[in-house]
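I opened the model to go through a few items one by one. These are my notes, in the order I looked things up.

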Amino acid sequence: QYGYDGNDFIAFDKDRKVWTAPTAAAVVTKNKWDKDTAYNEQRKDYLEQICIEWVQKYVKYGQESLRPVRPEVTLSSPRGSRLSCLATGFYPRAIEVKLLKNGQILSDEESSGTSPNQDGTYQLRKSVEINPTATETYSCQVEHSSLTTPFTVVYTGPEVGGGPPTLIIVVVVIVVLLIVAAAIGGFYLYKKKGGKPGYTPAKQACNTMDSSSNNSSNPPA
């Protein structure tokens with residue numbers, strides 16, 4: 001179907017394989033196009049088969065690429081007094097993130113706004129000032145089309161002052177102790193052997209040389 005100046009001009013009737021002219025101005029075009037029966041046959045085949053196949057194919061592609069993606073949610077307080085909830089990797093863009101204190105929604109939160117990631121998904125961060133020494137329970141609630149029910153993350157406590165994890169510290173200490181123990185053991189063995197490896201005291205060396213000389217001066221029997 002084609003239009004001109006915002007009005008219908010000419011349309012194709014695929015059942016009869018002819019063109020219809022709703023206005024007198026389109027009659028000339030209709031008569032000309034009706035004579036091209038081969039083109040009209042191709043047009044009918046396109047509308048009934050090829051076009052439908054393409055629509056179904058691209059709808060499938062769209063469903064696969066536009067499928068909702070669940071957000072990854074983290075709730076942390078790297079600076080102790082500022083609690084931050086990060087939702088990232090979600091699709092589509094619409095999302096609702098709430099920070100709660102003892103189950104009550106906080107209204108003084110700060111939002112980074114929803115921004116895109118490099119892979120086409122989105123991220124959103126909301127933060128609020130807290131008292132790190134207080135006993136209140138903080139949580140982050142996320143609602144998204146990829147979730148059947150709201151997802152909630154509970155804050156479990158402040159992170160350790162930005163330093164390395166405790167496990168790494170323990171491993172480093174153990175390695176240092178093993179190195180020190182190996183050094184002490186090596187020094188003890190060194191002292192026990194009386195000096196450097198391969199060193200022979202002078203007296204013992206002389207006795208060995210005298211014994212060798214006596215043996216060499218005696219003629220064989």
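Entry 1, glutamate 41. I looked up its accessibility in this predicted model. Glutamate 41 comes out at 39% relative accessibility, so I logged it as partly exposed. Its side chain meets that of lysine 17 in a salt bridge, 2.7 Å from N to O. I then checked where the two partners sit. Lysine 17 is in the loop between β2 (7–13) and β3, while glutamate 41 is in helix α2 (residues 37–65). They are 24 residues apart, and the pair links distant parts of the chain. Lysine 17 has a relative accessible area of 30%, so I put it down as partly exposed too.

How many salt bridges does the structure hold? I find eleven. Next I looked up lysine 44 and glutamate 48, whose side chains meet at 2.9 Å, N to O. Both lie in helix α2, and because they are four residues apart, about one helical turn separates them. Is lysine 44 buried or exposed? Its relative accessible area is 18%, and buried means under 20%, so lysine 44 is buried. Glutamate 48, at 32%, is partly exposed.

I also noted glutamate 96 with lysine 98. Their closest N and O atoms are 3.4 Å apart, and I logged a salt bridge. Glutamate 96 is partly exposed at 37% relative accessible area. Lysine 98 counts as buried at 19%. Then I looked for shared partners. Lys14, Asp15, Lys44 and Glu48 are joined into one network by such salt bridges.

I count eight aromatic pairs. One of them is tyrosine 2 with tryptophan 19: the centres are 6.2 Å apart, the planes are at 35 degrees, and the pair is tilted. Tyrosine 2 belongs to strand β1 and tryptophan 19 to strand β3 (residues 18–20), so this pair ties together parts 17 residues apart in sequence. Tyrosine 2 is partly exposed at 38% relative accessibility. Tryptophan 19 is buried at 2%.

Tryptophan 19 also pairs with tryptophan 33. Here the ring centres are 4.7 Å apart and the planes stand at 70 degrees, so I logged the pair as edge-to-face. Which elements does this pair tie together? Tryptophan 19 is in strand β3 and tryptophan 33 in helix α1 (residues 27–34), so the link spans 14 residues of sequence. Tryptophan 33 is partly exposed at 30% relative accessibility.

I stayed in strand β1 (residues 2–4), where glycine 3 is found. Glycine 3 is exposed, at 56% relative accessibility. Leaving out residues up to four places away in sequence, I find that glycine 3 touches Asp8 and Phe9.

How does strand β6 (residues 96–101) run relative to β11? The two are antiparallel, joined by six bridges. I picked out leucine 99, whose bridge partner in β11 is cysteine 140. β11 also pairs with β12, again in the antiparallel sense, over four bridges. There I noted valine 142 opposite phenylalanine 151 of β12.

I followed the chain into the loop between β11 (138–143) and β12 (151–154), where serine 146 lies. Serine 146 is buried, at 17% relative accessible area. What does its side chain meet? I find a polar contact with the side chain of histidine 144, at 2.7 Å. A polar atom of the serine 146 side chain also lies 3.4 Å from the backbone oxygen of valine 69. Beyond four places in sequence, serine 146 is in contact with Pro68, Val69, Arg70 and Pro71.

I checked the pLDDT last. The chain averages 81, and 79% of the residues score at least 70. Residues 159–166 fall below 50; this stretch has four contacts in the model beyond near neighbours in sequence. Residues 204–217 also stay under 50, and I find one contact for them beyond four places in sequence.

Terms used
Residues are numbered from 1 along each chain as its sequence is written. This is a predicted model: local features need pLDDT of at least 70, side-chain atom pairs count only at pLDDT 80 or more; totals for chains, interfaces and linings use all residues. Side-chain values use heavy atoms; hydrogens and water are left out. Buried means under 20% relative accessible area, exposed over 50%, partly exposed in between (1.4 Å probe, protein chains only). Contact means heavy atoms within 4.5 Å. Rings of Phe, Tyr and Trp (its six-membered ring) pair if their centres lie within 6.5 Å; planes under 30 degrees apart count as stacked, over 60 as edge-to-face and the rest as tilted. A polar contact is a pair of N or O atoms within 3.5 Å; within protein, one must be able to donate a hydrogen and the other to accept it, and residues adjacent in sequence count only if both atoms are side-chain atoms. pLDDT is the predictor's confidence in each residue, from 0 to 100. Two strands pair if DSSP finds at least two bridges between them. A salt bridge is a side-chain nitrogen of Lys or Arg within 4 Å of a carboxyl oxygen of Asp or Glu.
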